[in-house]
Amino acid sequence: MTAVEQTRHLATAIPGPKSAALIERKNAAVSRGVGTTMPVYAARAAGGILEDIDGNRLIDLGSGIAVTTIGNAAPRVVEAVREQVDQFTHTCFMVTPYEGYVAVAEHLNRLTPGGGEKRSALFNTGSEAVENAVKIARSYTRKQAVVSFDHAYHGRTNLTMALTAKSMPYKHGFGPFAPEIYRAPLSYPFRDAEFGKELATDGELAAKRAISVIDKQVGADNLAAVIIEPIQGEGGFIVPAPGFLPALLAWCRENNVVFIADEVQTGFARTGAMFACEHEGIEPDLIVTAKGIADGLPLSAVTGRAEIMDAPHVSGLGGTYGGNPIACAAALATIETIESDGLVDRAGAIERLMKDRLHQMQADDDRIGDVRGRGAMIAVELVKPGSTEPDAELTKALCAAAHAKGVIVLSCGTYGNVLRFLPPLAISDELLTEALDILATALGELRT
Ligand SMILES: Cc1ncc(COP(=O)(O)O)c(C=O)c1O
């Protein structure tokens with residue numbers, strides 16, 4: 001493969017003519033329910049650049065939604081996938097198993113927070129792994145209810161839609177949803193500040209509020225699991241106040257409730273630790289992973305304490321493709337890359353570079369209400385000048401301006417007013433700085 005030149009370059013307007021033609025074909029062939037963020041079609045990608053079919057080279061601050069964390073088509077992954085495809089593409093692990101699956105499970109058991117004996121099970125998507133974590137927790141506790149949080153996102157299958165908080169676009173018109181799902185208030189420091197400084201900074205207090213809701217509306221005797229993203233992704237890159245996660249975990253332990261950390265978006269070096277739970281020093285009962293685990297090959301996992309993971313009966317878990325051998329080969333190469341290339345530290349360096357610049361921008365612009373996140377998972381929350389009122393229009397306009405200038409950015413958040421950055425860890429400082437310059441200029445141009 002020829003290398004993808006690591007410079008931004010606009011060969012045409014965005015979209016160019018070839019992408020425009022494909023947009024027409026897509027509209028005629030693909031369900032409109034499947035939306036797209038950018039109006040360009042991909043040709044190649046590597047490092048911090050995605051090249052489209054018109055020859056435009058865009059700076060990638062999205063990583064395909066936190067997936068190509070180690071860099072798109074990373075060399076070790078490409079090699080490992082080639083080798084595996086050459087041997088066999090599928091046998092079904094439940095029929096004639098293979099070593100790659102076992103090796104991925106061993107690495108997950110080693111890398112995830114928490115000592116003691118652990119087990120893993122592999123699946124295809126984040127949603128599928130979340131569903132399986134709930135199955136495992138119910139099997140272990142012999143209880144049924146599950147609590148998720150305000151602003152949560154856990155997927156688009158029926159059970160995970162029920163766990164997800166936001167209606168439009170994820171749930172609207174798609175009910176009825178799975179029963180026995182309850183919602184508790186999150187710790188959302190930027191917005192909790194409206195209710196007092198203490199709630200915004202004291203995670204234990206925010207946990208008390210959540211536990212009171214859980215106690216009164218569900219009851220520990222009925223509750224199989226609490227599921228939470230240690231840093232919320234789609235909900236707005238919300239980092240809970242320190243102490244929130246440990247207090248919740250402690251309550252779960254006291255009440256025979258399985259604590260499930262959904263690290264689908266935060267896992268695999270993304271946040272400047274191998275897993276985001278490490279920032280709070282917590283050891284969840286079960287950890288759900290996907291996205292960054294295999295550099296774009298579909299793979300997900302549930303990992304946890306052996307006694308919980310082994311609760312389901314033999315053949316109670318599985319699926320035709322779960323732990324596909326090509327995806328496992330990609331995961332092994334991804335893990336090797338993270339560990340040997342020091343990518344956890346790289347995510348920390350990206351955090352410092354981005355936050356320095358974004359805080360500077362915030363100091364001069366009262367439309368940036370909050371700068372937050374960890375590692376290479378950073379966001380700004382945009383508000384009406386000097387207030388906390390969400391500004392979704394500005395966010396949309398800023399995304400569109402960035403796209404037109406050749407920067408891939410995504411928005412998120414319950415109120416649609418969070419601009420999120422998920423650069424691949426293989427991006428250079430120069431490209432990151434250039435992307436931030438472009439965003440600063442675009443934001444300036446959008447001042448009315
Ligand atoms: C935290 C979290 N959980 C679950 C999912 C669902 O994963 P998938 O889209 O692979 O089903 C996502 C996807 O964005 C996610 O961010």
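User: How do the residues lining the second largest pocket divide by class?

Analyst: This is a predicted model: local features need pLDDT of at least 70, side-chain atom pairs count only at pLDDT 80 or more, and totals for chains, interfaces and linings use all residues. Residues are numbered from 1 along each chain as its sequence is written, and side-chain values use heavy atoms, with hydrogens and water left out. Ala, Val, Leu, Ile, Met, Phe, Trp, Tyr, Cys and Pro count as nonpolar, Asp, Glu, Lys and Arg as charged, the others, Gly among them, as polar. The lining divides into 10 nonpolar, 7 polar and 2 charged residues.

User: What is the volume of the second largest pocket?

Analyst: A pocket is an open set of points on a 1 Å grid over the protein atoms alone, where a 1.4 Å probe fits, with protein on both sides within 12 Å along at least five of seven lines. Points join across faces, edges and corners, and the volume is the space filled by probe spheres set on them. For this pocket that is about 510 Å³.

User: Which residues are closest to its centre, and which element gives the most to the lining?

Analyst: Lining residues have an atom within 4 Å of a point. Of the 19 here, the closest to the centre are Phe-93, Tyr-101, Ser-120, Ala-121 and Leu-317. Helices (H or I, at least four residues) and strands (E, at least two) are DSSP runs, numbered from the N terminus. Helix 4 (99-111) and strand 4 (118-123) each give two or more residues, and the top contributor, with 5, is strand 4.

User: How much of the ligand's exposed area does the protein bury?

Analyst: Polar contacts here are pairs of N or O atoms within 3.5 Å. Ligand oxygen atoms lie 2.8 Å from a polar backbone atom of Gly-126, 2.5 Å from a side-chain N or O of Ser-127 and 2.9 Å from a polar side-chain atom of Gln-265. By the Shrake-Rupley method with a 1.4 Å probe, the ligand alone exposes 390 Å². The protein buries 84%.

User: How far apart in sequence are the parts tied together by Arg-57 and Glu-5?

Analyst: A salt bridge puts a side-chain nitrogen of Lys or Arg within 4 Å of a carboxyl oxygen of Asp or Glu, and the whole structure has 24. In this one, the closest N and O atoms of Arg-57 and Glu-5 are 3.5 Å apart. Arg-57 lies in strand 3 (residues 57-60) and Glu-5 in the segment before helix 1 (17-29), so the parts tied together are separated in sequence by 52 residues.

User: What is omega for the cis bond from Met-168 to Pro-169?

Analyst: Pro-169 sits in the loop between helix 6 (158-163) and strand 6 (181-184). Its peptide bond from Met-168 is cis, with omega near 10°.

Note on methods:
A polar contact is a pair of N or O atoms within 3.5 Å; within protein, one must be able to donate a hydrogen and the other to accept it, and residues adjacent in sequence count only if both atoms are side-chain atoms.
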